[in-house]
Amino acid sequence: MEYISLITGFIMLMIGLWGILTQKNIIKIIISFTIFDSAINIIIISIGYISGRTAPILDKAVPVKDAVTKIVDPIPQALVLTSIVISLGVTALMLAYALKLHKYKNTLEINKFKDLKW
Amino acid sequence: MVRKFLIFILLATFSVIFINLYQDFKGQDKLNDLSTYYAENEPQELGAQNIVTSIVVTYRGFDTLGEVTILFLAASIIGFFLKIKESDKNKKRELRKTSEILETASKILVPLIFLLGVYVFANGHLTPGGGFQGGAIMASGMVLMLLANPEKDVKHSLFSGIESISGFTYVILGLLGIYFAYGFLDNRVLPLGQFGNIFSAGLIPVIYTFIGLKVGSELTNIVGNLKETQKETE
């Protein structure tokens, strides 16, 4: 039970990967990508977890003197902020391309777009 | 059929890898050296209650500057990519009238959502939150406004103005650190103040306010662009 977020992350990662590989609708593929992103963020956060400790905020619960023995690793959390912002940019770009593709062929079925297929 | 089989093999391989990773995973039992340094010295050095914020804005401030640039790039590529013809811009779309519940609720909720956004980015150095989160909350308020009045357009010039001014100010504040403190994006330009107070941690709340404004206006611009393409003639 201690690493439940790690298991959740791996399961979500598999769901996202499955969605990317099997779905035919472009919007569903984009949703799978966002699930994949969130899964990776959850995994990074759970790697920094130390059992029995609390968030790295030095308020009443965590006196400044005992900070080292009471907080989880703050660095993965700072990195995940960057990763969330990047996944937001990627998702917005994918949605813009999906809009354009829909304008171009009036469909979102990925099998109908064969221009680059050989 | 072959395709399905290959997908199955790929997923099965990944599950085996993950199960092995999970079984061999041993969490840390104490902080590593860098985190220990942050936990021990951050309150005296930077005076921010939230250690994650102090890492994001000051210790790794350069990284955050790059992050803001990535968001700006994404927003401007979308603006360029979804550009519509001038003749299409003033077209009226035939839309169903907004329901009264949404219209009334948005009038009450939008100011409150904005207030929450400002609270989140002004308290970024004390509580969980910060510029990116607060900006996203403010943009969600703008989305609610757009849903309630679908005929209205996002004023791109206004939001681009806010965005460029706050981005520029962010870099200027970073440069002030070189002259008045110990390096680029150093927060000790202003006095550190009382630990745990809202006016503490030097430049961190100021920088986060500008990041919040920048992120909020960028996200609003993206949503506005996505909305406007629907006017385009087929």
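Modeller: Chain A has four helices and zero strands. Helices (H or I, at least four residues) and strands (E, at least two) are DSSP runs, numbered from the N terminus. This is a predicted model, where local features need pLDDT of at least 70, side-chain atom pairs count only at pLDDT 80 or more, and totals for chains, interfaces and linings use all residues. Residues are numbered from 1 along each chain as its sequence is written, chains are lettered from A and ligands numbered from 1 in the order in which they are written, and side-chain values use heavy atoms, leaving out hydrogens and water.

Biologist: Why is chain A called more spread out than a compact globule?

Modeller: The radius of gyration is taken over C-alpha atoms, and the globule rule is 2.2 Å times the number of residues to the power 0.38. For 118 residues the rule gives 13 Å, but chain A has 20 Å, so it is more spread out than a compact globule. Its C-alpha trace spans about 65 × 25 × 20 Å along the principal axes.

Biologist: Why is Glu42(B) called buried?

Modeller: Buried means under 20% relative accessible area, exposed over 50%, partly exposed in between (1.4 Å probe, protein chains only). Glu42(B) has 0%, so it is buried. Its place is in helix α2 (residues 33–45) of chain B.

Biologist: What makes the pair Glu42(B) and Ser54(B) a polar contact?

Modeller: A polar contact is a pair of N or O atoms within 3.5 Å; within protein, one must be able to donate a hydrogen and the other to accept it, and residues adjacent in sequence count only if both atoms are side-chain atoms. The side chains of Glu42(B) and Ser54(B) make one at 3.4 Å.

Biologist: Which residue of chain A does Glu42(B) touch?

Modeller: Leu58(A). Contact means heavy atoms within 4.5 Å. Residues up to four places away in sequence are not counted; among the others touched are Tyr37(B) and Tyr59(B).

Biologist: How do you know whether Glu228(B) is buried or exposed?

Modeller: Its relative accessible area is 10%, so Glu228(B) is buried. The residue lies in helix α9 (residues 204–228) of chain B. Its side chain joins that of His156(B) in a polar contact of 3.3 Å.
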